[in-house]
Amino acid sequence: MKSAESIEALSKESRRFPPPPEFAAQANAQPGIYKEAERDYLAFWESWARKLDWSKPFTKILEWNEPFARWFGDGELNASVNCLDRHVRAGKGERIAYYYEGEPGDRRTISYKQLLDDVCRFANGLRKLGVKKGDRVAIYMPMILELPVAMLACARIGAAHSVIFGGFSPDSIVDRVNDAECVALITADQGWRRGNKVPLKRNCDAAMANTPSIKHCIVARRVGDPIEMKAGRDVWWDDVVKDQPGECAPEAMNAEDLLYLLYTSGTTAKPKGIKHTTGGYLTHVTMTHKLVFDLKESDVYWCAADIGWVTGHSYIVYGPLANLATSVIYEGTPDFPDKDRLWEIVERYKVNILYTAPTAIRTFMKWGDEYPRKHDLSTLRLLGSVGEPINPEAWMWYREHIGGNRCPVVDTWWQTETGGIMISPLPGVTATAPGSATYPLPGIAADIVNDQGESVPLGGGGYAVLTRPWPGMLRGIWGDDERYKQTYWSKFPHKYLAGDGARRDLDGNFWFMGRIDDVMNVSGHRISTTEVESAFVEHPKVAETAVCGKLDDVTGQAIYAFVSLRGGELGSTELADELREYVGNKLGKFTRPKYITFTQELPKTRSGKIMRRLLRDVAEGRTLGDTTTLADATIVKDLQDRAKSEASSADE
Ligand code: PRX
């Protein structure tokens, strides 16, 4: 949660920015749309679904057997056909699908027709390897064009993809691959990141020692250094597509057939395989992409996320392609070779719409406005933000220094589970407010409730909930219906619990405050405290640990670990570094804790429960709340002293 001070500050935020009249006049969404959608929300979604290409049109809209939804459940379609074939058929094959830019500076432009060709050839290759409808395929790749090709090829032959973010470690690959029993793993030799080579295939090799279901590992060549290839299992991408024709009959998929799994952190150590199906998901992402980003045929659109997260799935691959967008894909980091890389890209491709994360924006702020100033950003006409709460200062900086005070800024709230954007301004209609995601989109119903599940009047705060099904919603957790019900549908009857705290102002604008569960949000990456704790305790020296998030100016939250060692030892700086590496290697480098405070004992209640609330207070340097239930009060003072010195050394 945001600190009390920042909640206080947000409630004072009164700046409002109505849409510029020129923007409003040309916008895809016009003011009547909210009313129209509310009059009959099913008819609203139906009208968007009918814009897709169905090989068998649906007659049913929603079948709701709470909490299990079927949308357009008797229709058939194929996602890759909707993203590619229908555009080529309509004579738009020459349109550019992606401007690709690799980190070292290599560039490629790919048209819809070429993309279709690549997808078909790879899909044929997958079929030849024996991958079939109903299988699951893991994808662990850098941001190269083969990544969307692999996803769309899976969709074409009816295999669900499970993309694993390229920053994850071998152990994380193992967990995800085994949970879904994936039959194939698609990767690249290596990837580029800030000039370094990321050993993707080597990570896969380490993982594949423990993934019995994987029959084939397909390797795209990205960097070109020699790597090990295991005969009979590993095969080069180029060999898979060689001699394959550029046509491939798509599988007719039921609207409710699985399109993909995407694993996300929950409150336990085991990540959840979020299920997304075909028809409803495509409907949701096309509608939101078209209206929230006000996409026009002439636009160049850039979502600067990684495809390994849901933002990339929905707003680099499926939404934009279904809408015939021309997008930019960039492989690397924003500071390579220098801190103006993103702005250089905006200028080069004349980007009109930019979608990025608050962490990135705060980083750009820290670097200074001389970097964007070096470039012509005048083509930008709309800016988006996603992934975490955006503080008003960052929002204003984005608007001024990137958007030249002329572009509407849309702060879009959603989750892996929601599939697509849920709460966001419509840029030609909604007055925006710095730090607020404003209102639920047309067709979406959300509320804020108290502990009893009662709607909190405007002006108050509580739990963010969604109060009716929506087409892009998760269809459950892979292999665990019970966990799905428990996590999202059990706290309040008939309401989906998002896990976020939020407040509404008197105009009904939503202000999201952060997670209310044991999930941290570090640079927009969702990380469970329990997952990090379990990684720690596997280290032989660690006896016990408690992990929490600490507010951070750049990354939103940073990981804070309190660690007690076996034998009551107190650790050293060297051991802290070793533990950081250890956790990073277990889960992925982005989970390395920023702060580690050793303690002889964790503060516990007399019944032996770790007092997490108190640790969060210590981490944040707040005055402590009630400590009367503490078993041993002396350890807290000691902890506070240690935390203080830890914070000052880590922040240096
Ligand atoms: O806490 C919310 C935060 O990110 C969580 C979802 O994370 P994930 O599934 O990884 O998806 C991120 C990209 C959609 C939410 O529960 N979050 C996301 N967008 C916002 C946000 N918090 C505040 N404002 C947002 N715009």
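Colleague: Is Ile 345 buried or exposed?

Modeller: Let's start with the terms: buried means under 20% relative accessible area, exposed over 50%, and partly exposed in between (1.4 Å probe, protein chains only). Ile 345 has 0% relative accessibility, so Ile 345 counts as buried. This is a predicted model, where local features need pLDDT of at least 70, side-chain atom pairs count only at pLDDT 80 or more, and totals for chains, interfaces and linings use all residues. Residues are numbered from 1 along each chain as its sequence is written, and side-chain values use heavy atoms, leaving out hydrogens and water.

Colleague: Which residues does Ile 345 touch, not counting those up to four places away in sequence?

Modeller: Contact means heavy atoms within 4.5 Å. By that rule, Ile 345 touches Glu 101, Trp 302, Val 328, Tyr 330 and Val 351. Ile 345 itself sits in helix α13, residues 341-349; helices (H or I, at least four residues) and strands (E, at least two) are DSSP runs, numbered from the N terminus.

Colleague: What is the order of the strands in the open sheet?

Modeller: In general, strands of a sheet pair through backbone hydrogen bonds, either parallel or antiparallel. Two strands count as paired if DSSP finds at least two bridges between them. Here 7 strands run in the order β12-β11-β8-β6-β7-β14-β15, with mixed pairing. Strands β12 and β15 stand at the edges with a single partner strand each, so one side of each is left without a neighbour in the sheet.

Colleague: In which sense do β8 and β11 pair?

Modeller: They pair in the parallel sense, over 5 bridges. You can find Thr 187 opposite Val 219 in β11.
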